[in-house]
Structures are given as structure tokens and as C-alpha cells.
Amino acid sequence: MRFWTFGAAVAACLSSFAPAFSQETRLPLFHGQWAVDGQHCGKPYGGEVNEGQFIVIGRGTFELYESACRITQVQQLSATDWSTVLVCQSEGESFNQNWAIKKHSPYSFTVIDGGSSGKNYKLCG
């Protein structure tokens with residue numbers, strides 16, 4: 001019969017979570033403004049720039065049209081695919097968003113926030 005100490009039991013329990021922890025990573029995208037169309041770079045929303053036309057990526061954040069989001073979870077699924085969970089604030093409301101992100105190059109990625117298609121963004125620069 002094998003007797004476990006408290007420390008051994010905790011270590012065994014934590015080791016069962018190791019794969020989940022080891023898959024957590026940072027989202028490998030440059031900070032700055034990313035736009036669907038290069039003509040929208042450097043312009044504010046309103047007028048000729050509609051909702052969803054650009055994203056501003058900061059340190060652990062996404063700024064969208066009238067929304068500010070914190071990246072709370074990132075999981076790398078493959079060499080080019082990530083799953084993210086965002087906690088967003090907009091007009092006094094808080095909500096979560098789940099995004100799939102496919103990185104095409106250091107300067108372009110696609111956000112899929114629901115269905116099978118998404119929006120392609122390129123780094124403004």
C-alpha cells in the first residue's frame with residue numbers, strides 16, 4: 001500500500017494540469033494599428049471608417065470600435081492558429097468574446113469571431 005504525503009498529492013494534482021499550462025502563450029502580434037484596408041490606417045472611426053475596419057493591439061489589449069478588451073486567455077493550437085478569450089467593455093457593458101486568430105505572416109492575420117469566415121487585418125505602418 002502506498003501512502004502519499006500532502007506535498008506529493010499536491011504535486012500529482014498540479015502535474016495533471018501541466019499540459020494546459022504549457023499551452024498558454026502570448027499572442028505573437030505586433031502592437032499597433034491593424035486595418036482591413038490600408039486606406040483606413042491612421043484614421044479614427046466615423047466618417048469613412050466603419051466598425052470593424054481596424055484593431056489597435058496594445059500590451060494584452062485589443063481596442064475596437066467603441067470597445068476596449070483585455071486578452072485574458074491565449075492558447076496556441078498550431079504554428080499559425082491561436083484561440084483567445086477577451087473581456088470587453090463597451091458603453092458601460094461587460095462581455096466576453098472568443099476569437100480564433102490565424103497568423104499569416106508577421107504583418108497579417110485573420111480574426112474569426114463566430115462562423116467560419118473572418119476579417120483579414122494587415123499591420124499599418
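Modeller: Let's start with a term: a residue is buried under 20% relative accessible area, exposed over 50%, and partly exposed in between, using a 1.4 Å probe and protein chains only. This is a predicted model, in which local features need pLDDT of at least 70 and side-chain atom pairs count only at pLDDT 80 or more, while totals for chains, interfaces and linings use all residues. Residues are numbered from 1 along each chain as its sequence is written, and side-chain values use heavy atoms, with hydrogens and water left out.

Colleague: Thanks! Why is Cys41 called partly exposed?

Modeller: Cys41 has 27% relative accessibility.

Colleague: Why is the disulfide of Cys41 and Cys124 called left-handed?

Modeller: The torsion about its S-S bond is about -80°, so the disulfide of Cys41 and Cys124 is left-handed.

Colleague: What makes the disulfide of Cys69 and Cys88 left-handed or right-handed?

Modeller: Here the torsion about the S-S bond is about 105°, so the disulfide of Cys69 and Cys88 is right-handed. Cys69 sits in strand 4 (residues 67-76) and Cys88 in strand 5 (residues 81-90), 19 residues apart.

Colleague: Are Cys69 and Cys88 buried or exposed, and how do you know?

Modeller: Cys69 has a relative accessible area of 3%, so Cys69 is buried. For Cys88 the value is 0%, so Cys88 is buried too.

Colleague: Which pattern do the disulfides of the protein chain follow?

Modeller: Counting bonded cysteines along the chain, the pattern is 1-4, 2-3. A search of the whole structure finds 2 disulfides.

Colleague: How many helices and strands does the protein chain have?

Modeller: There are 2 helices and 8 strands. Both terms describe DSSP runs numbered from the N terminus: helices are H or I with at least four residues, strands are E with at least two. Along the sequence, the pattern reads α-α-β-β-β-β-β-β-β-β.

Methods:
Disulfide = S-S within 2.5 Å.
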